[in-house]
Amino acid sequence: MRIVPIGFNPLKTTMQKTSFQEKPILPTLKCDTVSFGATANQAKKVIILLGAPNSGKGTYGRKIAEKYAIPQISTGDILRGEVKKMSKLGIEAKRYMESGGLVPDELIMKIFQQRILEKDCQRGFILDGFPRTINQAEQLDEILKKDKNIALKIINLDVDRDILFARSANRYICADCSKTHAVKEGYNPETSKCDCGGKLIKRADDTPEVLASRLDSYEKQTLPLVDYYGEQVSNVGVYGKDSPVDEILGRINKILEK
Ligand code: AMP
């Protein structure tokens, strides 16, 4: 099942029967031809951020969430919260997370379905780290299909592997709000605090060994989503050397405002 992106021609697709019965075009999803920001007073904004671990999904997800006043749904943050609470789900998820593997789709779908029922998701949401498998993407399609009025954008953060490792070495997160902090030379994570006052900690899976394994899972299970979504995806590449956050954000905003 394929979700129709902003920019398609609804006249061409309404109730159209295609020869690809398994992937019909969805007549229920409304397309907005004007800017994403202005459009869609009524349409529910759904932004999918694809990309490898450390590609910046969390950082840019937060900034986009602020701009459009819609929540960022990070399945990784939800799982870390469950691990911290030592809930049944957290205990089960922990072993997958620590090894760099993916948590089973069934658990992830439960988390996601529960989260989008919350009131703050009524105007839309940003998906950071979900979907991560074709199976999750297919189930997401089924869920979105039920909504009559969706404005969908899919952004792929395509970042060179060396840059991903360099970012990992430099990265701490806030123990309270999960915000990511790039720790510069001379900056002391022991004494520095997050803006919310929380302590800065290293993520348990932020070691070169676990990152290598996470990248392996990413390449096998998540990268195929770029092909799955095909031309609906807008690519934001960071190649050669890292780019400043504001520069990358500018490129993302241009895509969202198109
Ligand atoms: P993240 O914070 O998005 O990098 O996620 C941290 C870890 O949580 C991942 O390495 C996976 O083990 C797990 N995880 C998060 N989201 C998903 C997902 N959509 N599917 C499977 N596992 C996930």
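Colleague: Which are the buried residues of H9?

Modeller: The model is predicted, and local features need pLDDT of at least 70, side-chain atom pairs count only at pLDDT 80 or more, while totals for chains, interfaces and linings use all residues. Residues are numbered from 1 along each chain as its sequence is written. In H9 the buried residues are Leu 211, Arg 214, Tyr 218 and Thr 222. A residue is buried if 20 or more other C-beta atoms, placed from the backbone, lie within 10 Å of its own, exposed if 12 or fewer, and partly exposed in between.

Colleague: What makes the buried residues of H9 line one face of the helix?

Modeller: Viewed down the axis of H9, they fall within an arc of 60°, so they line one face; the arc is that of the directions from the helix axis to the C-beta atoms. On the other side of H9, Glu 209, Ala 212, Asp 216, Glu 219 and Lys 220 are exposed. The cover over the buried residues of H9 includes H8 and helix H10 (224-229).

Colleague: Why does Asn 170 count as partly exposed?

Modeller: Asn 170 has 16 C-beta neighbours inside 10 Å, and therefore counts as partly exposed. Asn 170 lies in the loop between helix H8 (161-169) and strand E5 (171-174).

Colleague: With which residues is Asn 170 in contact, leaving aside its neighbours within four places in sequence?

Modeller: Asn 170 is in contact with Ala 182 and Val 183, contact being C-beta atoms, placed from the backbone, within 7 Å. The C-alpha atoms of Asn 170 and Ala 182 are separated by 5.3 Å, although the two residues are 12 apart along the chain.

Colleague: What makes E6 and E7 edge strands?

Modeller: The open sheet of 3 strands has the order E6-E5-E7, with antiparallel pairing. Strand E6 (180-182) and strand E7 (200-201) each pair on one side only, as edge strands. Two strands pair if DSSP finds at least two bridges between them; E5 and E7 pair over 2 bridges. Ile 173 stands opposite Ile 201 in E7.

How values were computed. Helices (H or I, at least four residues) and strands (E, at least two) are DSSP runs, numbered from the N terminus. Two residues are in contact if their C-beta atoms, placed from the backbone, lie within 7 Å.
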